[in-house]
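Me: Please look at the structure below. I would like to discuss it through a few questions.

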Amino acid sequence: MNDMECGAVRELIPDVVRGPVRAEDADAARAHVASCDECRAELELAMALFATRVEVPEGLADRVVLAARDDRRTVRSERRAQRPWWGLSAAAIAALALGIGIASEPTSTGDLEVPGYAYEVEEG
């Protein structure tokens with residue numbers, strides 16, 4: 001693996017920087033980087049980024065998970081307390097429908113003509 005392609009080297013760069021990588025892969029990648037300016041620049045960038053990474057305080061991940069769980073429980077309990085909205089909506093719609101029915105005036109004051117199919121037919 002002495003003659004590596006740029007793509008293979010670029011895939012190995014994160015492992016070369018932070019480990020673990022097999023010694024022969026690291027040696028082949030370093031040999032390629034010595035003769036390839038683009039891969040060398042990418043390796044240097046990866047090394048600079050790795051060197052400036054922030055250390056995560058111990059226990060932070062556990063505190064974040066606990067806070068998220070507590071937040072979800074709070075949201076659920078608040079949703080249960082806010083459920084009466086559907087009753088208010090139904091009451092508003094009913095009041096609107098009644099108001100429209102009461103406020104509307106008939107268009108004619110004469111007798112309504114009932115079609116023949118509307119009468120009950122007695123059988124038998």
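Reply: A patch is made of residues with over 30% relative accessible area and no salt bridge, where like charges are joined within 9 Å and nonpolar side chains (Val, Leu, Ile, Met, Phe, Trp, Tyr) within 5 Å. A salt bridge is a side-chain nitrogen of Lys or Arg within 4 Å of a carboxyl oxygen of Asp or Glu. Accessible areas come from the Shrake-Rupley method with a 1.4 Å probe, and for residues only the protein chains shown count as cover. This is a predicted model: local features need pLDDT of at least 70, side-chain atom pairs count only at pLDDT 80 or more, and totals for chains, interfaces and linings use all residues. Residues are numbered from 1 along each chain as its sequence is written, and side-chain values use heavy atoms, with hydrogens and water left out.

Me: Which residues form a nonpolar patch on the surface?

Reply: The patch has about 260 Å² of accessible area together. Its members are Val56, Leu60 and Val64.

Me: Is Val56 buried or exposed?

Reply: Buried means under 20% relative accessible area, exposed over 50%, and partly exposed in between (1.4 Å probe, protein chains only). Val56 has a relative accessible area of 61%, so Val56 is exposed.

Me: How many disulfides does a search of the whole structure find?

Reply: A disulfide is a pair of cysteine sulfur atoms within 2.5 Å. The sulfur of Cys39 is 3.6 Å from the closest cysteine sulfur, in Cys36, which is too far for a bond. Over the whole structure, the number of disulfides found is zero.

Me: Is Cys39 buried or exposed?

Reply: The relative accessibility of Cys39 is 0%. Cys39 therefore counts as buried.
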